[in-house]
Amino acid sequence: MRLAPGLAALAAVFCLAAAADPRDRLSDPGQEARARALFQQIRCVVCQNESIDDSEAELARDLRQTVRAQVAAGRSDAEIRRFLVQRYGEFILLRPRFSPANAAAWLTPFAIVIGGVAVLVLRARKPATGGDTLTPEEEARIARLRDG
Amino acid sequence: MTAELGSFALVLALVLSLAQAGLSIAGRVRGSAALAGAGEGAAAGAFLGVAFAFFALMIAFVTSDFSVANVAENSHTAKPLLYKIAGVWGSHDGSMLLWCLALTGFGAVIALGGEGLPARLKASAVATQGVLGALFLAYAVFASNPLIRLANPPVEGASMNPVLQDPFLAIHPPFLYAGYVGMSVVYSLAVAALIEGRIDAAWARWVRPWALASWSLLTIGITLGSFWAYYELGWGGWWAWDPVENASFMPWLAATALLHSAVVTEKRGALAAWTVFLALTAFTFSMLGAFLVRSGVLMSVHAFAVSPKRGMLLLSILGVAAGGGFGLFAWRAPSLPPGGLFAPISRETALVINNLFVSAAVTTVLLGTLYPLIRQALTGDMASFGPPYFNLTFTPLMAMVLLILPIGPLLAWKRADLLGALQRLWAAALIALAAALLVLALNHPAKAFAAIGVGLGVWLVTGSLAEVADRARLGRVRIGEALRRLGRLPRGAWGMTLAHVGVGVFVIGASFETAWRVEAARTLGIGDQMSLGAYQLTLKRVGPADGPNFEAERALISVTKDGREVCQATPARRFYPVQRQTTSKVSICPPGLSDIYVVLGDRRDGPAGQPVWLVRAYWNRLSRLIFGGPLIMALGGAISLSDRRLRIGLPQRAARPVLEPAE
């Protein structure tokens, strides 16, 4: 019997957070902390949906080594990210870049709020009418209800 | 034999669902109570059919009948009974059967229980529920029947993924599915109201208990799932913004917005069209989730077995149900009468703002989940929308709505006094500010955003309590009088307060845990120590701890603080021979609000050849609030649901609203 592929992927999640393995750590705690922060923003591109901080996959281990080596060599976070994107494509960044192709995803939620607030403000500036006075139809309906 | 009877019952249920739809429509069109009654009977019959099929599958699992394909793929004789039962809904096909069980079950409840509903509205709602039932049952019968036999049954089953063999995961799908599918009733009532062209306070009153119950069940379901991920997966995280998690979060957010807008429709007759729109949206998101989880279009750690053909079928069902609902909405909504008017500063406006922000937040989750797909389809390149995206969009949007949340309940309907409401909250605000500053000063490294988060959580708790105190006129009248007033507050009010306090408790825990989690990892031999924040962890011994279907080694680790033992952690590492898979069993201690979370890693050879184990540990401070908060919210929902004003089918209720004090 085959194991459902999805569940097999889930199984891979297990042996986790190998990123914390003392064997691989950088000796400088400041650099190690920077590397760990970067790990959380980098996707393990062969896994289902995990950062390289979580994944035990071979590729994740290699990527961790690469990132640690570059951090130790004094490269900046932006440089390391650029290097990874060149090699693996934008897919590797868990935080999508703010580019024209992604603009809709970044801006739509805020546009909804701004648009909604604008509607509320416009509505508020219109003097509230009708709250206390009734339209002729409403008067007629009351009369119907009262008499009927 | 039982499997064949089960299959037969499932087909019968499909036919009865079609009959339910047909008879109810005929009853509605001809105004015939007899036909409508027959439709209601068919709804009950459809439920009994699905229930029979469900129990037939359960019997096959419990008796390890491996001639049933689903059982052979997902069960094993050595598996504990609880997981044999949970195996029923552990697979794609079985979980769809659970979905159908809930769908027809709720259909039967409105058919047999909705006495207070007007006959025409009820017939339309039962018909809609029948159509939904027929769609999903047709899928179950023709594309995903879990009762199909195998020609050559194996001697032993393939068993279930060990990760899923966990009591919390076993009970989490029933809650989740009851919540997802509970929204179908809200959907059916919305469709029925659009057909009848009447959406008023009475309609909102029928919808609210269903929305509230589904929301509460979904809250519990998501929390159980999150807690399972937290302690079973061994990485100490509780929410990863994984597409499957998002799929359950979207209906929850839509239901949250619906609950708040339905209040406005119920009390003030306003926002009727918007409430209907949200009612349709909530169930659409439930169906979207069912599709996303099963189609394999998304990359997720939790997805079910992937099947493009089934994905297409589920997408078609989603298209028909959502297209039908929203099409009807576009056609009928413009003719709905406008509701009550309200001033810019009023309870209504506060609830509209809630809806605005929650809608923006749900859009964020939707975009973050689907945008990579859309972009890939349009341009061919792949992009990832991981946790950093949600932290930058969802979190600030929610923070803003939570900031104004405590003010809402203090505003009057129609026209309110904002300054007066703020004056009644100054003490609550002061406590929250003090809490934020204290947290900032006492924790290292100092993290401003986390401190703001904790302050926000405290503000939600104190602000909600201030509102209750204000209602009781605490401090302005004698204490006995205040207590008497507290006792007379309607349960709905207590429910709201508890739910809001629960949000606050969650926010405190989430902010604290995320910012100030302490992590340590070391290889330890017997007798070695490692430090974790203020604690010392000593590995005392490692021994065998085999179970019914696994081999295991378990460590005993003593956790001490200032030389005194706080608790003993017993993390284990299990090997499941059937699946040839190793898992780790996390140990969490001590009792309290913060967790010492210990994971036993692999065994290695130490420098002197002695065995050492990789031990990872986290000190997750206030982490239990993360799960406690949502449970408080669900409890609030349940208490609100027990308010007699919300009970369905109380005929005298129609006359009561006039006599109630404005809240």
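These legends describe close-up views of a predicted model. Local features need pLDDT of at least 70, side-chain atom pairs count only at pLDDT 80 or more, and totals for chains, interfaces and linings use all residues. Residues are numbered from 1 along each chain as its sequence is written, while chains are lettered from A and ligands numbered from 1 in the order in which they are written.

**View 1. The largest nonpolar core holds 199 residues.** A nonpolar core is a set of buried Ala, Val, Leu, Ile, Met, Phe, Trp, Tyr and Cys residues joined through C-beta atoms within 7 Å. Buried means 20 or more other C-beta atoms within 10 Å of a residue's own, exposed means 12 or fewer, and partly exposed lies in between; C-beta atoms are placed from the backbone. Val186(B), Val276(B) and Ala279(B) have the most contacts inside this core. Helix α7 (residues 167-196) of chain B gives the largest share, 18 residues. Helices (H or I, at least four residues) and strands (E, at least two) are DSSP runs, numbered from the N terminus. Another core, of 21 residues, lies apart, and includes Leu532(B) and Tyr618(B).

**View 2. Val186(B) and its contacts.** Contact means C-beta atoms, placed from the backbone, within 7 Å. Neighbours within four places in sequence are left aside. The partners of Val186(B) then include Trp210(B), Ser214(B), Ala279(B) and Phe283(B).

**View 3. Helices α2 (residues 33-62) and α6 (residues 119-142) of chain B pack at about 35°.** Their axes are 10 Å apart. Axes are lines fitted to C-alpha atoms, for helices over the stretch in contact, and angles run from 0 to 180 degrees between N-to-C directions. Among the residues that meet are Gly39(B) and Ala43(B) in α2(B), and Ala123(B) and Gly130(B) in α6(B).

**View 4. The peptide bond from His444(B) to Pro445(B) is cis.** Its omega is near -5°. Pro445(B) sits in the loop between α15 (426-442) and α16 (448-471) of chain B. Most peptide bonds are trans.

View 5. Pro590(B) lies in the loop between β8 (587-589) and β9 (595-605) of chain B.

**View 6. Trp241(B) has a positive phi, near 55°.** The loop between α8 (201-232) and α9 (243-268) of chain B holds Trp241(B). Trp241(B) counts as buried because 20 C-beta neighbours lie inside 10 Å.

**View 7. Arg580(B) also has a positive phi, near 50°.** Arg580(B) is in the loop between β6 (572-576) and β7 (581-585) of chain B. Arg580(B) is exposed, with 8 other C-beta atoms within 10 Å.

Key
Contact = placed C-beta atoms within 7 Å.
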